[in-house]
Amino acid sequence: MAIMKRTLVGLAAILLLAPICATAGVPKPNLTIENPGQCIAPVQEMRVNHMKMLNHSRDRALRQGVRTEKANLIGCIDCHASKETGSVMGKGGFCEECHTYTAVKLDCWDCHQPKSARFRTGAAAAEGAKP
Amino acid sequence: MNEPRDPVDNPSRRGFVGAAAAAGAGLGVLALAPGLHLVEVSEANAPSAGASSKVRWGMLIDTNKCSSGCDACVKACASENGINETVRDPRQASQWIRKIELKEPRSGREHSLPMMCQHCAHPPCVDVCPTGASMKRADGIVLVDRHTCIGCRYCMLACPYKARSFVHLRLTEQNPEVPRGIGCVESCTFCVQRVDKGLKPACVEACPEGAMLFGDLKDPNSEIARRIAQEKTTQVRGDLRLDLGVRYQGI
Amino acid sequence: MQSELNNRLEGPTFYVLAGIGALISLIGVAGAIYMGQHGHQASGMNNQIFWGMPHVFAIFLIVAASGVLNVASIGTVFGKQAYKSRGPLSGLLAITLLAAGLFVIMLDLGRVDRLIIAMTHVNWVSVFGWNMVLYPVFFGLVGVYVWVLMDRKMYAYSKPVGIAAFIWRLVMTTGTGSIFGFMVARQAYHSALIAPMFIVMSLAWGLAIFLLFQRAMYCWHNMELNEEIRRRLGNLLGVFIAAVFYFVLVYHLTNIYFAKQTGFEHFILVSGGVFPQLFWGGFVLLGTAIPLLLLFVPALQRMRGSEIVAAVLTVGGGLCFLYVFIIGGQAYPLDMFPGMEVRSSFFDGQIDHYVPSLPEMMLAIGGFGVAFTLTLIAVRVLRFMPEDDLAKLKASGALRD
Ligand code: SF4
């Protein structure tokens with residue numbers, strides 16, 4: 001617990017200091033929450049623990065076939081996809097904004113579809129992957 | 001091709017008989033075949049329970065019904081699993097299921113059949129995978145965990161059925177329920193995302209001839225188990241004794 | 001004498017050579033980055049031939065790494081004087097060759113970014129998984145071995161450490177051979193002979209690489225290798241080459257007569273186009289017959305540099321053999337329905353062809369660049385030059401047979 005707190009304090013310090021230190025001035029993440037107040041857990045908990053929740057649920061879903069975890073990537077995407085682009089990635093995307101800011105590389109999207117099923121149209125699918 | 005004895009089915013049946021006999025009255029309800037049937041069905045279909053070792057998913061393919069030139073199963077698989085990328089070299093394309101045409105040189109007799117991951121009870125790919133990314137669920141479905149797959153392709157070398165494909169390019173149009181992507185190996189999943197919802201694999205549903213039958217090999221009352229018990233079926237490369245989940249009829 | 005020796009490698013020669021080595025290594029890295037960016041569609045590999053040129057080179061380097069240590073083993077484990085002074089160089093090459101082999105094989109992975117997963121999630125049933133342990137321990141053991149060989153105070157420990165390293169390299173090459181030997185599904189590979197065959201190959205290929213590098217070092221120092229030592233090392237190489245040939249012969253004969261893989265053998269040895277060409281022309285003629293002549297016909301043997309030509313040919317022959325073994329083994333279709341004619345949309349029943357692409361060739365060759373650069377830097381920094389105390393050797397009778 002203590003370690004976690006210290007890490008958090010450290011992280012917060014970095015976040016606070018980053019704009020001052022960085023002369024280049026990394027723009028602060030500019031998040032749009034599309035469906036406020038409907039998350040599976042309070043914002044603070046999600047910020048700190050979303051990766052753990054997702055890791056846990058992915059292993060259960062894939063290896064044990066348990067698909068009832070509250071945290072599941074498809075659910076996250078469906079709720080957080082931008083109404084404009086339909087995706088959690090790209091400029092202003094819910095995942096991309098923060099992960100660019102904190103420089104934490106994501107490789108989810110090498111395999112997972114970042115667009116919500118609700119926004120996916122036939123046109124997008126027919127375009128195919130660029131070789 | 002000879003039919004090896006079924007090392008998974010038999011012990012479990014024996015185990016069941018033994019347990020029922022030993023436990024006596026307490027498990028009495030389980031000893032009733034219809035009761036057992038209900039338990040297993042709910043076990044298999046309740047999403048919260050997850051994959052259960054009381055179930056072993058399998059497929060029986062009747063090659064007499066399968067018609068040459070038809071590829072409805074292949075198309076259904078591609079659309080269900082989002083295999084929609086265009087590749088430059090067809091040899092680099094992903095093929096989770098493919099149609100094979102066989103000809104007996106002497107009699108000239110021809111067979112047509114779909115070939116995919118055979119979901120072995122003893123899968124060589126799982127044995128050789130250095131990271132444990134190739135894995136078998138409790139219900140017998142063999143999968144690749146793309147989170148740990150490093151793309152070494154050793155499992156492809158081990159597979160006797162050429163059932164695995166390596167993703168040679170960056171993908172962007174995956175089906176949300178079927179993640180797949182660059183640098184990982186993949187293969188037929190029995191449409192695990194459907195099976196977990198109580199549906200049949202897409203290919204089985206699409207076959208216009210009804211040549212593919214999907215079901216629980218461990219449930220003696222399932223149609224697939226009854227037919228395998230009564231009719232002559234074959235496991236491809238049965239000499240390897242891998243105890244396959246996919247059985248063929250008519251070859 | 002030592003400082004004088006090292007001075008020779010301090011001039012521009014060192015920087016030119018190191019620059020060339022680094023350039024080849026960087027070319028390898030560039031090839032890997034290109035493949036990583038575009039996926040393996042940038043390679044000539046496909047879903048039937050999924051192990052290509054990088055694997056041929058990587059497996060060559062890994063196998064040779066184990067064999068090159070044999071020179072040190074003969075010195076310490078079997079107590080041969082002339083080999084003792086060559087121990088440190090032999091150990092150094094073992095480390096750098098293994099590092100280079102792993103460099104190639106790791107950079108060819110579909111997910112290079114997940115190397116850490118390969119180290120932390122080990123499936124103990126997998127031969128590949130074992131190798132995750134075999135290789136690091138080999139590095140450690142050989143590192144200690146080189147240290148005890150070079151540090152006078154520690155020399156007393158050289159025998160036990162040498163024996164441990166000797167055993168470990170046998171285990172390691174058995175592991176490499178078993179990567180193929182355990183493949184029940186494949187006509188080409190399922191054979192108990194493969195592990196011992198790889199061990200014998202490691203001896204020949206390792207010694208060949210040792211001779212080449214030793215020769216290069218003598219050149220840099222403007223020195224000539226003692227004629228007697230040259231002859232003995234050459235003889236040893238000849239014996240190893242002959243042993244390799246014997247094993248390959250037995251491997252193919254058992255495949256034909258006992259395992260009844262006649263279709264596959266016909267393909268590899270007669271009808272398979274580039275594969276029989278490389279087997280007979282590359283491995284048998286250039287990689288075996290000519291080196292044996294060079295090493296054993298007295299008139300040829302006396303010629304300066306004959307053992308160097310033989311060593312180069314051995315390396316080439318080894319690469320040809322691995323090409324036929326690894327790529328030919330995959331090109332031949334799997335026999336799922338014995339006795340039937342097979343057709344499909346996925347090239348079942350068809351012989352596949354493979355043309356390596358530029359990026360994968362760059363990566364493969366980069367492996368040799370890495371091995372060369374690492375060795376070069378090490379011999380510059382530390383004292384690896386084999387120095388023969390000829391008077392002592394003569395006195396001990398080590399040069400007489
Ligand atoms: S390619 Fe992936 S699944 Fe296959 S053996 Fe390698 S790590 Fe395992």
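I began with chains B and C: 54 residues of chain B and 55 residues of chain C take part in the contact, where contact means heavy atoms within 4.5 Å. The model is predicted; local features require pLDDT of at least 70, side-chain atom pairs count only at pLDDT 80 or more, and totals for chains, interfaces and linings use all residues. Residues are numbered from 1 along each chain as its sequence is written, chains are lettered from A and ligands numbered from 1 in the order in which they are written, and side-chain values use heavy atoms, with hydrogens and water left out.

**Entry 1. Chains B and C.** I looked up the buried area, that is, the accessible area (1.4 Å probe) that two parts lose on being put together, summed over both. For chain B and chain C I found about 4900 Å², with 58% from carbon and sulfur atoms. R91(B), L157(B) and K162(B) supply 18% of the area that chain B buries here, more than any other three residues.

I then noted three salt bridges between chain B and chain C; a salt bridge is a side-chain nitrogen of Lys or Arg within 4 Å of a carboxyl oxygen of Asp or Glu. R98(B) and D348(C) meet in a salt bridge, at 2.5 Å from N to O.

**Entry 2. Chains C and A.** Here I found four residues from chain C and four residues from chain A in the contact. The buried area is about 280 Å², of which carbon and sulfur atoms give 24%. I recorded three salt bridges across this interface. R111(C) pairs with D107(A) in a salt bridge, and their closest N and O atoms are 3.6 Å apart.

**Entry 3. The ligand.** I found 14 residues surrounding the ligand, the closest being C129(B), C149(B), C152(B), R153(B) and C155(B); a residue is near a molecule if one of its heavy atoms lies within 4 Å of it.

Entry 4. Is H119(B) buried or exposed? H119(B) counts as buried, because its relative accessibility is 0% (buried is under 20% relative accessible area, exposed over 50%, partly exposed in between; 1.4 Å probe, protein chains only).

C191(B), likewise a residue other than glycine, has a positive phi near 50°. C191(B) has 6% relative accessibility and therefore counts as buried.
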